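Here is a protein to explore in 3D.

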Amino acid sequence: MQSFNRLLLSLLFALIYSHALAAPDDMVFPSRYDIPAYAPDRVLVKFKPGTKAGEVRQMAAMAGGSPQRVISQLNVHVIKVPVGSVGNSIKMFSNNPNVLYAEPDHYRVLMIPDEGQDPPPTGTDNQWFNEQWGLNNTGQMLLNPQTGVQDLVGRVDADIDAPEGWDISTGSNQVKIAILDTGIDCRTAARPGGSLEFIAPGKCVEEVSFVTDYSTTVDDVAAHGSHVAGIAAAATNNDIGIAGVGWNSAVGNLKTCFEYTIDLMPPLGIYVIVGVCPVSSSAAAITYAADNGYHVINMSYASDAVDESGEPAGLGGWTQTESDAVDYAWSRGAVLIAAAGNDGVNTLSYPAAYDPVLAVGATERNDDRASFSNFGNWISMMAPGDHIISTVPNEICVFYAEILGTIFDPDNDACLDWYSGTSMASPFVAGAAAVVWAHFYSDGLADPSSCEAAPGVPCNQAVRERLEQGADVSGAGGQNMQAWSLNGRLNLAGALNASSNPLPPLTPGNFVVLNGSDGTAVISWNDVSDESGYELQREKAHKKQAGVWQSTTSIGPLSANQTAFVDASGTGTFRYRLRAFNNSGASNWSSWINIDVTASGGGSGGGGGGGGDKPCRGKKCSN
């Protein structure tokens, strides 16, 4: 969020943090703030299995660089190279037969819509739930963050029905939400003035930095991560500050974005601090969260600028490393949620657009799409994201109190501010995911990777489907919420209310396709509950155009007690997907599985939701 308090606060850090990096000759700059599109001195390289460490060092030396670290779960090496040599280094690595891929260490940025100036942050006075229209909108008068006057009016029920949901469940502190961001103002022994909304170790379970090459602190210097964390799971019902959607849920401060200082007016020394998130840090944090028992991962970063043709201008594109990290975390049982972008366009933005990620757009207090929010059927759902009040680091209120001659007591108050963006919408869904997980799958909290909602159906898949199926398809003013997203606007009570509001079945698990070696494909899956039947789809690969599929064929309906099917497809390359259905609707499709069908022996397809057409990237492949 670009606001005047950021400019003032930046004066405090101007002597600590450097100016923007100088630009190497081969770097591309997006328009906003002239942030480099990628790290100027490092590349990401994945070597073939069996490549020895000595060979890696030798190849890095040939590029004039050296290995820095390895994202071990992905076997991706971060290689430091001379500044300005990224393009040439990637060409050199890509031409080596031992390299699977090489790419820049792209920068993501935090969502920064042009929303004008907010008033200074405020101490809570413990009476701010009324301003949380996204949780409970009664048509109440609201403070206008741009004027400081209470002259805005909400619309009844333009909210996520949080109180109605909390009547069913307030979640569990055993459910952990990983906040991949600029940091959180946790109150710890090392930070005794931190926010009372994130007291360690109960609410704030740990603090880990993945940007130590760029920042010497886990503190939230850019004041973005604390705001995101507060929306997701600030301490609730404690007579301090605000309520978090996740209520009892815990958060982890996984600092993924460093503070990038930009001198807006060099003669005057006016700065703005922007959060920048290297893909290497994003991938490392995602895989760390997956391996350390986090149930939900929130990512409020991606592209924040588009070029003249409407495409992301360097800061939001697909990358193999991050795609692999997302796939890994999904396979380990995490629910992944990300902000869809603030450019007001129907353009894919990453990491939100990766298939396993639940992409979130933003609504405003009348249940209309926020003007800045991206939209389209690649976005799973909408959630409140305009003029959202939440926590910011206490030191900001201390700073303003000193300037204004007022008093702020961090031991009895919480520092709050209003931000806007899909960055704010995403943690609404993250908090709701945590509550849904705790309510339905409490037996699987200890190990998300082994939690099953039904035989063969992982809990993360079930949580996501409950969120999507429980969303409001009509807004408070009769808006068609599916005009902006695939499923509608988040409704916590709807996601928790499956017993009184019958839902479509879950997506079948353990979906496997094998070559029958006689011109057939042998297909199997696990049974799901509450289904009336199943539907298969088959597509055939184009003989001349790689990556192009044609001749879509629907197979079914198949009976509810059926868990296998032999398709006399004939020989060739095919792909299959499966869904279940009942009177309430259909489940999500499984992922596509590719198979080479032969007449006598040959390859086999994948299983368990794997596979898919690798040249096809992101949610545009799903439909």
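Does Gln-537 count as buried or exposed? Gln-537 counts as buried, because its relative accessibility is 12% and buried means under 20%. Keep in mind that you are looking at a predicted model. Gln-537 sits in strand β26, which runs over residues 533-541. Leaving out residues up to four places away in sequence, Gln-537 touches Thr-552, Thr-553, Ser-554, Arg-575, Tyr-576, Arg-577, Trp-589 and Trp-592.

**The whole protein**

Let's zoom out. The protein has 623 residues, and 60% of them are buried. You'll find 11 helices and 31 strands in it. Take the contacts between residues at least 6 apart in sequence: 72% of these join residues at least 24 apart.

Now for a couple of helices. In α10, 11 of its 11 residues are buried, so this helix is mostly covered. Helix α8 covers residues 394-404, and its buried residues are Asn-394, Ile-396, Cys-397, Phe-399, Tyr-400 and Ala-401. Just after α8 comes Gly-405, with a positive phi of about 75 degrees.

**Rings that meet**

How many aromatic pairs does the structure hold? There are 12 aromatic pairs. One of them is Phe-210 with Tyr-288, an edge-to-face pair with 5.4 Å from centre to centre and 65 degrees between the planes. This pair links distant parts of the chain, since Phe-210 is in the loop between β11 and α5 while Tyr-288 is in helix α6, 78 residues apart. Phe-210 is buried, with a relative accessible area of 15%, whereas Tyr-288 is partly exposed at 22%. Another aromatic pair is Trp-525 with Tyr-534, which is tilted: the centres are 5.3 Å apart and the planes make 55 degrees. Trp-525 counts as buried at 4% relative accessibility, and Tyr-534 counts as buried at 0%. Elsewhere, Tyr-107, Tyr-214, Phe-258 and Tyr-260 form one aromatic cluster.

| Residue | Phi | Relative accessibility |
|---|---|---|
| Asn-75 | about 55 degrees | 31%, partly exposed |
| Ala-223 | about 60 degrees | 0%, buried |

Asn-75 is found in the loop between β2 and β3, and Ala-223 in the loop between β11 and α5. One joins Tyr-350 and Pro-351, with omega about 15 degrees, and Pro-351 lies in the loop between β17 and β18. Another joins Gly-556 and Pro-557, with omega about 5 degrees, and here Pro-557 lies in strand β27.

**Two loop residues**

Val-81 has its place in the loop between β3 and α3, and it counts as buried at 4% relative accessibility. Which residues does Val-81 contact, leaving aside neighbours within four places in sequence? They are Asp-41, Arg-42, Val-43, Ala-63, Gly-65, Val-86 and Ser-89. The C-alpha atoms of Val-81 and Arg-42 are separated by 5.2 Å, although these residues are 39 residues apart along the chain.

Asn-480 is in the loop between α10 and α11. At 45% relative accessibility, Asn-480 counts as partly exposed. Asn-480 and Asp-367 are 113 residues apart in sequence, and 9.9 Å apart from C-alpha to C-alpha.

Last stop: the gaps. What kinds of residues make up the lining of the second largest cavity? They divide into eight nonpolar, three polar and one charged.

Note on methods
Residues are numbered from 1 along each chain as its sequence is written. This is a predicted model: local features need pLDDT of at least 70, side-chain atom pairs count only at pLDDT 80 or more; totals for chains, interfaces and linings use all residues. Side-chain values use heavy atoms; hydrogens and water are left out. Ala, Val, Leu, Ile, Met, Phe, Trp, Tyr, Cys and Pro count as nonpolar, Asp, Glu, Lys and Arg as charged, and the others, Gly among them, as polar. Helices (H or I, at least four residues) and strands (E, at least two) are DSSP runs, numbered from the N terminus. Buried means under 20% relative accessible area, exposed over 50%, partly exposed in between (1.4 Å probe, protein chains only). Contact means heavy atoms within 4.5 Å. Rings of Phe, Tyr and Trp (its six-membered ring) pair if their centres lie within 6.5 Å; planes under 30 degrees apart count as stacked, over 60 as edge-to-face and the rest as tilted.
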